[in-house]
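Visitor: Could you walk me through how the two chains of this model meet? I would like to go through it question by question.

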Amino acid sequence: MLGLYARALEESGIATAMITILPEVTDAVGVPRTMHVPFKLGRPCGEPFDFETRKKVVDQLLALALKPSGTRIEYEG
Amino acid sequence: MKRKTQIKSKLSVAFSTNFPEAYKKFTLKHVNERQGSPETVLAKPLTECKIALITTAGVHLKTDRPFDVDNPAGDPTYRLIPAAAQEEELTVTHIYYNSKFAKTDPTIVFPLPQLRELKDKGSIHSLADMNIGLNGGILDTSNVEQEAIPQVMALFENEQVDIALLVPG
């Protein structure tokens, strides 16, 4: 469902960057820009209270939003 | 939450945790494949951009109505989360992942404080006044596409949001 939001946002003039834990799924939906993270389901931005990781996730997501649609990146820890 | 929903939640979490490949196959079977990739190209740097956060991890204000997890079809509605919402004001209602970690530290699904820090540093221009909490696990998304999505689009356009960061559950 989040992928549908991503597509609608891009069509409305809002750039998106989405975290994915299951890239095969987000690719099938055609999510414009994704960052694959190596974290567990339900913990897409890392473990509780690991704010260093959180900061890296947000920084890399924002950088991804500036890239062309169709860009897929891997989170770099 | 009904007892039936609690059991369903336990089974779902056990399934996705113990059989990740089967879970992936199940999810893939239920996606609506889409062709092409719509695109918005940003014409300005991050320092001039307004950022919004959207999650399907079931985040909402504790004072707000929880998502209806007892509905077998899922809850297609959205919750508004103000940019200034503090961690202790937030909770999650979701049955398809183990939400105890997100209840302990909501930033693992909703990194709002990290975005506020970037705004304070001047790395981004601002945050949307209203950010969005959704509840994932909806197989029939037609209702979402007809109602919730157009409403959220109107809200963000009105707020002149430049970038939305999307976080799954």
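Visitor: Which strand of chain A do 4 bridges join to S7(B)?
Guide: Happy to start there, with helices (H or I, at least four residues) and strands (E, at least two) taken as DSSP runs numbered from the N terminus. Two strands pair if DSSP finds at least two bridges between them. A:Ala15 stands opposite B:Ile163 in S7(B). The strand of chain A, running parallel to S7(B), is S1 (residues 15-20).

Guide: A word on the model: it is predicted, so local features need pLDDT of at least 70 and side-chain atom pairs pLDDT 80 or more, while totals for chains, interfaces and linings use all residues. Residues are numbered from 1 along each chain as written, with chains lettered from A and ligands numbered from 1 in written order.

Visitor: Which element gives the most to the side of chain B that touches chain A?
Guide: Contact here means C-beta atoms, placed from the backbone, within 7 Å. The contact takes 50 residues from chain B and 46 from chain A. Among the elements of chain B that each supply at least two residues are helix H4 (112-121) and strand S7 (163-167). The most, 6 residues, comes from H5(B).

Methods:
Contact = placed C-beta atoms within 7 Å.
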